[in-house]
Amino acid sequence: MEPGHRAIECKSARKIMHDAIPTESPDTALEMLRTAAAKREIDDVKAAFLMYVKACPEVTYPVMEQMFRHEKIGVYLIALERTDGSVTLTNMDLQGNLDRKYTVTMRFNNQPSRPREKAVWPVTVEENIKRLADAGELVARGIPQCNNCHELGHSMRSCPNERIERKDQVTVACQNCGCVGHRMRDCTALRVNRFGCRSCGQGGHNAKDCTEIRPE
């Protein structure tokens, strides 16, 4: 971590740790990719893909996609437009650069598998390669978002802005004491027996047999 700025202001590439990834030569990793693709084992494909990236840390998504086509490996890297809208997530490329525009998905087919994907799918092979140059894996940004002002960089507890009351905010009410602001599991009041007397709340008798004096 470099001093002098906050995480939200950082423009440096994120350091990617490959320690947990087995070390293989590029040729071995590529052959493992080929085998996994033939068996259509997506987890094995992703594992071999990471082995290749570890062996060739400067490789990019466009280069990998073009190599797959040249080697006739049945795996496609498709760059999709984001639709989630979350500011706490970002696209990170293979070198750790954040805020890439498109999200990379790994498929066994170069056509959309669901109707809703058509709107965000690249129209041509050339467009996909161009997108892959500005694409990455969707990862957590690592920066909190305030639930009060919705700004990045701080939590609601440390929000410097005035507390915003939202009319559409869901009100939490306790099913034990009836108070607003906490749930039943956090209630400190005496737990009411839901199967007990409706008059005093105690178990062992019905309301018609209750001997407790009801409050006026």
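Where is the place of P160? P160 sits in the segment after β4 (135–140). This is a predicted model, in which local features need pLDDT of at least 70 and side-chain atom pairs count only at pLDDT 80 or more, while totals for chains, interfaces and linings use all residues. Residues are numbered from 1 along each chain as its sequence is written, and side-chain values use heavy atoms, with hydrogens and water left out.

**Overall make-up**

- The chain has four helices and four strands; these are DSSP runs numbered from the N terminus, with helices being H or I of at least four residues and strands being E of at least two.
- Along the sequence the elements follow the pattern α-α-α-β-β-β-α-β.
- Of the 216 residues in the chain, 31% count as buried, where buried means under 20% relative accessible area, exposed over 50%, and partly exposed in between (1.4 Å probe, protein chains only).
- Among contacts in the chain with a separation of 6 or more, 55% come from residues 24 or more positions apart, a contact being heavy atoms within 4.5 Å.

**Packing of α3 and α4**

- Helix α3 (residues 61–70) packs with helix α4 (residues 125–132) at an angle of about 145°, and their axes are 7 Å apart.
- Axes here are lines fitted to C-alpha atoms, for helices over the stretch in contact, and angles run from 0 to 180 degrees between N-to-C directions.
- The crossing of these two helices is right-handed; the term applies if the near helix is turned clockwise from the far one by less than a right angle, and left-handed applies if anticlockwise.
- On the α3 side the residues are Y61, P62, E65 and Q66, and they meet N128, I129 and L132 of α4.
- By class, this contact of α3 with α4 has four nonpolar, two polar and one charged residues.
- In that scheme Ala, Val, Leu, Ile, Met, Phe, Trp, Tyr, Cys and Pro are nonpolar, Asp, Glu, Lys and Arg are charged, and the others, Gly among them, are polar.
- The buried residues of α3 are Y61, P62, M64, E65, M67 and F68.

**N128**

- N128 belongs to helix α4 and counts as buried because its relative accessibility is 6%.
- A polar atom of the N128 side chain lies 2.9 Å from the backbone nitrogen of A79.
- Leaving aside neighbours within four places in sequence, N128 is in contact with E65, L77, I78, A79 and P122.

**Positive phi angles**

- R40 is not a glycine, yet it has a positive phi of about 55°.
- The loop between α1 (26–39) and α2 (42–55) holds R40, which is exposed with a relative accessible area of 54%.
- D99, also not a glycine, has a positive phi of about 60°.
- D99 lies in the loop between β2 (89–92) and β3 (102–107) and is partly exposed, its relative accessible area being 46%.

**P160**

- P160 is exposed, with a relative accessible area of 69%.
- The C-alpha atoms of P160 and N148 are separated by 9.8 Å, and the two residues are 12 residues apart along the chain.

Terms used: A polar contact is a pair of N or O atoms within 3.5 Å; within protein, one must be able to donate a hydrogen and the other to accept it, and residues adjacent in sequence count only if both atoms are side-chain atoms.
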